[in-house]
Amino acid sequence: MVPRRWMVERTFAWLGRCRRLSKDYEYLRVCSENAIYLTMAMLLVRRLSRSAR
């Protein structure tokens with residue numbers, strides 16, 4: 001499991017760059033989870049659009 005730890009840490013670093021996810025602002029867990037899904041979708045779209053050029 002240790003060799004894959006960098007993948008998890010890298011993903012957390014990407015999520016930490018999002019201002020809304022940098023601190024625990026949300027009261028409900030569902031709202032935090034949706035913010036994570038939205039952030040990962042934005043990262044994916046940004047990377048796909050960059051590779052399509």
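Let me start with the buried residues of helix H2: Ser32, Ala35, Thr39 and Leu43. Buried here means under 20% relative accessible area, exposed is over 50%, and partly exposed lies in between, with a 1.4 Å probe and protein chains only. Helices are DSSP runs of H or I with at least four residues, strands are runs of E with at least two, and both are numbered from the N terminus.

Two words on the source. This is a predicted model, where local features need pLDDT of at least 70 and side-chain atom pairs count only at pLDDT 80 or more, while totals for chains, interfaces and linings use all residues. Residues are numbered from 1 along each chain as its sequence is written, and side-chain values use heavy atoms, with hydrogens and water left out.

Back to H2. What covers its buried residues? Helix H1, residues 5-16, is included in that cover. Take threonine 39 as the example. Threonine 39 sits in H2, which runs over residues 29-52. Its relative accessible area is 7%, so it is buried. Setting aside neighbours within four places in sequence, threonine 39 is in contact with Leu15, Cys18 and Leu21. Contact means heavy atoms within 4.5 Å.

Now the geometry of that helix. H2 has 24 residues, and at 1.5 Å a residue it should span 34 Å. The expected span is 1.5 Å times one less than the number of residues. The end C-alpha atoms of H2 are 35 Å apart, which agrees. Inside H2, pick valine 30.

Next, the cysteines. How many disulfides are there? The count comes to 0. A disulfide is a pair of cysteine sulfur atoms within 2.5 Å. Cysteine 18 is buried, at 19% relative accessible area. Cysteine 31 is partly exposed, at 34%.

On to the salt bridges. A salt bridge is a side-chain nitrogen of Lys or Arg within 4 Å of a carboxyl oxygen of Asp or Glu. The count by this rule is 2. Arginine 5 pairs with glutamate 9, with the closest N and O atoms 2.7 Å apart. These two are 4 residues apart in helix H1, so about one helical turn separates them. Arginine 5 is exposed at 53%, and glutamate 9 is partly exposed at 43%.

The other bridge joins glutamate 33 and arginine 29, at 3.2 Å from N to O. Glutamate 33 is partly exposed at 31%. Arginine 29 is exposed at 64%. The general point: an α-helix has 3.6 residues a turn, so residues three or four places apart point the same way.

Last item, the surface. Tyr27, Leu28 and Val30 make a nonpolar patch of about 390 Å². Patches take residues with over 30% relative accessible area and no salt bridge; like charges are joined within 9 Å, and nonpolar side chains (Val, Leu, Ile, Met, Phe, Trp, Tyr) within 5 Å. Areas come from the Shrake-Rupley method with a 1.4 Å probe, and for residues only the protein chains shown count as cover. Tyrosine 27 is in the loop between H1 and H2. It is exposed, at 80%. Valine 30 is partly exposed, at 46%.
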